Amino acid sequence: MKIEITGPIKRTKPFETDKEDEDIKIVVPGSIISNRTDFMSGHGTFYGDEDIVASVAGSVRQVNKLLTVQPFKSRYSPDVGDVIVGRVVEVQQKRWKVDINSISEGTLALANVSLPGGELRRKSAEDEMRMRMYMEEGDLVVAEVLNVQSDAIQLQARTLRYGKLGQGLLVKVSPSLMKRRKTHFHDLHFGAKIILARNGWVWIEPPSDGQMSATGGYTHSDEVS
Amino acid sequence: MKRFNTYDAYQIRYDGRRFDQIRNINFKFGLYPHADGSVYYEQGCTKVICAVYGPRQSRVRTPDDLCFINCQFSLSSFATQNKKKAQRSMEAGRLLERTLKSVIDRSAYPKTRVDVFCEIIQGDGSNLASCINAASLALVDAGIPVKGVVSAVECGVTRGYICTDLNNTEVRGNAPKIVLATLDGKRESIMVDYKNCLHINQMERMIEAGFDANEKIYACLREAILLRTEELRKIVAVKEL
């Protein structure tokens, strides 16, 4: 009579890792990283009874006395100055609410947007009424993170390179693949433009004529019929 | 009602296990690319799909502005041999929610919500316990900070013998059973759901058996998470130019 004994399988290493990666310590939530006296706990860790415990699964990073654990896949966590591509979900009184694949929605205030035509002036009450003519629910916008608070992410689209997006293609990838670089706007050699946003959304634009980019994607007819 | 045995003369259960053995555990992560975390989890023949969305913007406000946790536990209509329409169990959903509420760090993300959806596509006993295990894996896959890895098991008593990780035939009837959930395989329970009548003297033995089984299940879940983290690290690793 045979009795089968089952248990956890022994882990073989099917992945090749580089020499530098060998030093990175992988932890599981609940595993103890180090003792409390020497280090402080940062993102992805918390204080246990006498030690610092990981709260996400990822690699342990140590900066001086601060220990953090970085998960390899998570929602986008915004930093000030990041370029992001978002979709408008709501038009409120003086601002737009934008979905940026993060923990909370981004807020794009009317005061932080450059008006179509490129002029910078104080927004009047009429501009508030005309918010919908510029951007409404479902539109894509490229903006920069202005400020990050616990419950709100403020965006700004002041310069001409930011603003509503027109015709093109949106590709969504994981935010952890997007590293911070000097510029996220690139021109491909055959004329198309690509925006690699930090929240994992990639925007590809076909070759455009000069007129479109000057007005920021907004056309307004001044003809009096 | 005639009681029938679920084990034979050699004290081996009808699926070939001893009383304290758990079933084979199988898993696959990343089934739903749109969800923040998702896992397909098998415990023996019980198959569960769990998807986690969050933390994301919430319109619902909780007192103290903590993260709002929403759990849905549903049994597909083709999951069991009985002819049933697709059921959504409110009670099991609340138990799952209470287990996860004590494990997720809710104050880290105020005014947000986490949605956990569990669907049992084949129910072969230990349905709630498998859902808790699957939800725990999916939460870690989503990168949501948790206090540890939750493991759960369903234990019952048949004719004086305590069986762990019950299958469908053992769950039937009015035999007493408990669903016991622990954190990190430690001998402290974070959730106990107890059904039917049990003598007080047997309760402690049942809970001890539950703790032992949870240690084994936690070892399997931990391996699963380590494998998944290695897999994700390979995808994300970028050589600096």
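Modeller: Happy to, and bear in mind that this is a predicted model. In chain B, four strands make up an open sheet, ordered E8-E7-E9-E10, with antiparallel pairing.

Biologist: Nice. Which strands stand at the edges?

Modeller: Those are strand E8 (161-164) and strand E10 (189-195) of chain B. Each has a single partner strand, so one side of each is left without a neighbour in the sheet.

Biologist: And by how much are neighbouring strands turned against each other?

Modeller: By 20° on average, ignoring direction.

Biologist: Let me zoom in on E8(B). How many bridges join E7 to E8(B)?

Modeller: Four bridges link E8(B) to strand E7 (residues 150-158) of chain B, and the two run antiparallel. To pick out a residue pair, Gly156(B) has Cys163(B) in E8(B) as its bridge partner.

Biologist: What about helices? Which strands does H1 of chain B lie across?

Modeller: Helix H1 (residues 90-101) of chain B lies across E7, strand E9 (177-183) and E10 of chain B, at about 160° to E10(B). Helix H2 (residues 127-142) of chain B also lies across E7, E9 and E10 of chain B, and runs at about 170° to E7(B).

Biologist: OK, switching to the interface. How many residues of chain B are in contact with chain A?

Modeller: On the chain B side there are 46, and they contact 41 residues of chain A. The two chains bury about 3,800 Å² between them, with carbon and sulfur atoms giving 60% of that area.

Biologist: Which three residues supply more of chain B's buried area than any other three?

Modeller: Gln57(B), Arg233(B) and Val236(B), which supply 16% of the area that chain B buries against chain A.

Biologist: How many salt bridges are there across the interface?

Modeller: Four are found between chain B and chain A. Asp36(B), for instance, forms a salt bridge with Arg75(A), where the closest N and O atoms are 3.0 Å apart.

Definitions and conventions:
Residues numbered from 1 in each chain as written. Chains lettered and ligands numbered in written order. Predicted model: local features only at pLDDT ≥ 70, side-chain atom pairs only at ≥ 80, totals over all residues. Heavy atoms only, no water. Pairing = 2+ DSSP bridges. Axes fitted to C-alpha atoms, helices over the stretch in contact; angles between N-to-C directions. Contact = heavy atoms within 4.5 Å. Buried area = accessible area lost by both parts, 1.4 Å probe. Salt bridge = Lys/Arg side-chain N within 4 Å of Asp/Glu carboxyl O.
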